[in-house]
Structures are given as structure tokens and as C-alpha cells.
Amino acid sequence: MVDVNPGQDNDLNPDEWDLTTQQLLPHINGVYHVQKIANRAGVDSSLVKAAVQNLVYHGVITIVPIFLYSNVYCLTPMISKLRENEQLRTSFMDFIKKDPHDERIVLFKDVYRMISDFNNHTNVTDICHQYR
């Protein structure tokens with residue numbers, strides 16, 4: 001998936017980019033992968049890949065790994081660092097917010113409880129159903 005880099009000011013001036021990139025920018029949202037961006041923008045996927053590489057190089061966007069609901073994810077002992085390191089915990093909580101301007105408060109203990117339920121017998125869909 002492709003997302004606008006959260007560390008950037010993100011006041012993108014479309015005039016600074018080539019026409020292909022200008023066509024793609026409205027479709028880069030952290031949800032769509034390269035092929036979907038290509039389809040929605042009506043641009044050949046090879047051009048999208050080149051434009052995405054250029055935007056990554058300039059630090060405008062970042063590539064986010066695809067998180068599949070059918071996959072099984074397991075915790076490692078490193079999860080304890082999330083509980084122990086306040087800076088890591090704050091960074092994590094900021095990262096998981098889809099909209100940085102959303103003022104709703106999500107408690108770390110609730111998020112930690114949910115991620116702690118991941119094991120080698122539970123897929124993401126199961127966890128989502130459990131926490132609905």
C-alpha cells in the first residue's frame with residue numbers, strides 16, 4: 001500500500017510534479033496498492049511504479065506493507081518493548097491513527113489487549129470480529 005508520508009508537511013503543490021504524478025496524488029491514501037491506484041487513476045501500472053519510486057525517493061510518500069485479513073500474525077517477545085518504552089508506545093499510537101486530526105481517544109491498554117490476542121491459531125478476521 002502507498003501512503004502520504006506522515007513525517008512530511010504534505011502541503012503538496014501539484015504544479016511541482018509531472019502530469020502522471022498529479023493524476024496519482026489524489027488516489028494515494030494508505031489504503032490503495034499500486035495496481036488499484038493505477039486502475040483508479042487510469043494510468044499504466046508501470047508509470048505508477050515509476051512515479052511512486054520517485055515520490056518515495058523525495059520523501060513524499062512511504063510504502064506500507066499489505067496487511068491481509070486472512071493472514072495469521074504472531075507476537076514475539078519484542079512486544080514487551082512496546083509496553084516498556086514510552087517513546088515507542090507514543091509513536092505506535094500515533095502511527096495507527098488513520099486520521100491524525102481525529103480527536104477520539106484510543107487507550108493503549110485497549111490496543112495492547114487486542115494485539116496480544118494474535119496467535120498462531122487466530123487470523124486478522126477473527127480478531128476483528130472479536131473486537132467489533
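1. Arg104 is placed in the loop between H5 and H6. The model under review is a predicted one. With a relative accessibility of 62%, Arg104 counts as exposed, because the exposed class begins over 50%. Between Arg104 and Ile66 there are 25 Å in space, C-alpha to C-alpha, for a sequence separation of 38 residues.

2. The axes of helix H5 (residues 86–95) and H6 come within 11 Å and cross at roughly 80°. H5 is therefore roughly perpendicular to H6, since crossing angles of 65 to 115 degrees fall in that class. On the H5 side the contact is formed by Arg89, Phe92 and Met93, and on the H6 side by Phe108, Val111 and Ile115. Sorted by class, the residues of this contact comprise five nonpolar, one charged and no polar.

3. Arg89, one of the H5 residues in the contact with H6, deserves a separate remark. Arg89 lies over the face of Phe108, and the distance to the ring centre is 5.5 Å. Phe108 is itself among the H6 residues that make the helix contact.

4. Phe108 also takes part in an aromatic pair. The structure holds one such pair, formed by Phe108 and Tyr112, with 5.5 Å centre to centre and 40° between the planes. The geometry is classed as tilted because an angle under 30 degrees would count as stacked and one over 60 as edge-to-face. Both partners belong to helix H6 (residues 108–116); they are four residues apart there, which means a separation of about one helical turn.

5. The relative accessibility of His27 is 17%, and the residue counts as buried. Which residues does His27 contact, leaving aside its neighbours within four places in sequence? They are Tyr32, Ile37, Arg40 and Ala41.

How values were computed
Residues are numbered from 1 along each chain as its sequence is written. This is a predicted model: local features need pLDDT of at least 70, side-chain atom pairs count only at pLDDT 80 or more; totals for chains, interfaces and linings use all residues. Side-chain values use heavy atoms; hydrogens and water are left out. Rings of Phe, Tyr and Trp (its six-membered ring) pair if their centres lie within 6.5 Å; planes under 30 degrees apart count as stacked, over 60 as edge-to-face and the rest as tilted. Helices (H or I, at least four residues) and strands (E, at least two) are DSSP runs, numbered from the N terminus. A charge sits over a ring if NZ of Lys or CZ of Arg is within 6 Å of the ring centre and within 35 degrees of the ring normal. Axes are lines fitted to C-alpha atoms, for helices over the stretch in contact, and angles run from 0 to 180 degrees between N-to-C directions. Angles under 35 degrees count as roughly parallel, over 145 as roughly antiparallel, 65 to 115 as roughly perpendicular and the rest as oblique. Contact means heavy atoms within 4.5 Å. Ala, Val, Leu, Ile, Met, Phe, Trp, Tyr, Cys and Pro count as nonpolar, Asp, Glu, Lys and Arg as charged, and the others, Gly among them, as polar. Buried means under 20% relative accessible area, exposed over 50%, partly exposed in between (1.4 Å probe, protein chains only).
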